[in-house]
Amino acid sequence: MAARLDRITRRAHTLSGLLEEGYAIRAADMPGADDLMMRSYAATGRVFERRAQVIAVHGSRGGAGCTFLATHLARAFAERGRSSVLIDVDPYGGDVETILGITDGADGVHPMSALVDVVDEMTPGGLMDALFTHPAGFGVVVASPPDALSVSPESVCRLVDLAAAASDTVILHTGRALDEVTRSCLRTADVILEVLSLDVPAFRAAVRTGARLAADAVDDRTWFVVNRASRGEVLPADVERVFGRPANAVIPLDGSVPRLQDHGRLLGARSRAARAVARLAAQLLAETDRLAGVA
Ligand SMILES: Nc1ncnc2c1ncn2[C@@H]1O[C@H](COP(=O)(O)OP(=O)(O)OP(=O)(O)O)[C@@H](O)[C@H]1O
Ligand SMILES: [Mg+2]
């Protein structure tokens with residue numbers, strides 16, 4: 001007997017799947033079901049095997065291109081046939097839904113706060129069912145609405161673990177400030193993409209981030225991505241001079257990005273900037289293969 005179906009996955013195909021497997025379904029009112037569910041999950045001490053590569057995208061200076069990179073990377077992975085989930089873990093976020101043209105209250109959109117609320121009751125498959133699917137083929141969890149209660153770093157990490165058990169790639173769109181939720185997301189990531197624009201304030205902000213994260217030991221997992229690259233005084237080669245290693249990717253400036261973003265649309269996949277993001281996705285996949293080979 002299913003004591004209670006996940007609040008969010010009470011969907012027709014969840015039910016039809018159970019019927020196909022031969023379960024008989026009876027509707028019953030069980031006032032203690034929530035509590036029973038929570039205790040049974042706590043008792044089994046849920047630990048999920050991480051299947052996905054978890055990639056955190058972070059920009060230390062506003063406007064470097066954190067949201068551009070996270071959204072286009074999600075599309076790039078989906079194009080390579082990888083199941084991908086993009087989660088807006090920015091506690092003060094909202095950019096992902098704007099840039100993807102997801103309207104407030106759109107059907108099937110569950111924000112971070114709603115999913116975190118039921119994370120301990122959900123299965124990895126249940127989470128995948130609950131995700132909003134972008135037309136480009138990746139799942140999206142939008143940021144909590146401004147009036148939601150704040151979420152704890154632990155519950156955000158549990159949601160990341162759940163997504164990582166159910167998909168090939170999880171992309172965390174992180175906030176700029178190094179609050180506890182953001183730090184936890186950076187710590188749990190397999191790779192951190194630090195996005196830089198080619199200007200002195202962006203470089204200095206990234207240096208400060210590196211110093212603040214020293215205790216988190218994430219330096220060797222941090223990749224530098226130059227975005228909006230164009231001819232100027234600061235060059236992609238300056239990344240190596242300042243950070244001791246070269247940029248892993250250089251994404252060119254494309255004048256059509258701001259207008260497309262204003263319309264909630266992604267850049268054409270054949271554009272130079274989108275192809276640079278696709279090459280970065282390929283490098284990230286190669287890194288997963290390399291680590292799997294070492295293990
Ligand atoms: N490769 C690019 N070429 C041209 N414009 C870009 C590119 N990437 C981002 N932009 C533009 O630069 C601006 C900042 O990009 P984005 O919103 O992704 O940055 P962000 O780091 O998320 O900023 P914030 O800190 O404000 O959230 C936007 O107007 C976006 O349209
Ligand atoms: Mg942003």
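Me: What share of the 295 residues is buried?
Reply: A residue is buried if 20 or more other C-beta atoms, placed from the backbone, lie within 10 Å of its own. Here buried residues make up 40% of the 295. This is a predicted model: local features need pLDDT of at least 70, side-chain atom pairs count only at pLDDT 80 or more, and totals for chains, interfaces and linings use all residues. Residues are numbered from 1 along each chain as its sequence is written, while chains are lettered from A and ligands numbered from 1 in the order in which they are written.

Me: Which residues have the most contacts inside the largest nonpolar core?
Reply: A nonpolar core joins buried Ala, Val, Leu, Ile, Met, Phe, Trp, Tyr and Cys residues through C-beta atoms within 7 Å. The largest has 80 residues. Val 57, Leu 73, Ala 163, Leu 172 and Val 225 have the most contacts inside it. Helix α3, residues 66-79, gives the most to this core, with 9 residues. Helices are DSSP runs of H or I, at least four residues, numbered from the N terminus.

Me: What does Val 57 touch?
Reply: Contact means C-beta atoms, placed from the backbone, within 7 Å. Leaving out residues up to four places away in sequence, Val 57 touches Leu 69, Leu 73, Ile 171 and Val 195, among others.

Me: At what angle do α7 and α8 pack?
Reply: Axes are lines fitted to C-alpha atoms, for helices over the stretch in contact, and angles run from 0 to 180 degrees between N-to-C directions. Helix α7 (residues 153-166) and helix α8 (residues 180-188) pack at about 35°, with axes 9 Å apart. Among the residues making the contact are Val 156 and Val 160 of α7, and Val 181 and Cys 185 of α8.

Key: A residue is buried if 20 or more other C-beta atoms lie within 10 Å of its own, exposed if 12 or fewer, and partly exposed in between; C-beta atoms are placed from the backbone. Helices (H or I, at least four residues) and strands (E, at least two) are DSSP runs, numbered from the N terminus. Two residues are in contact if their C-beta atoms, placed from the backbone, lie within 7 Å.
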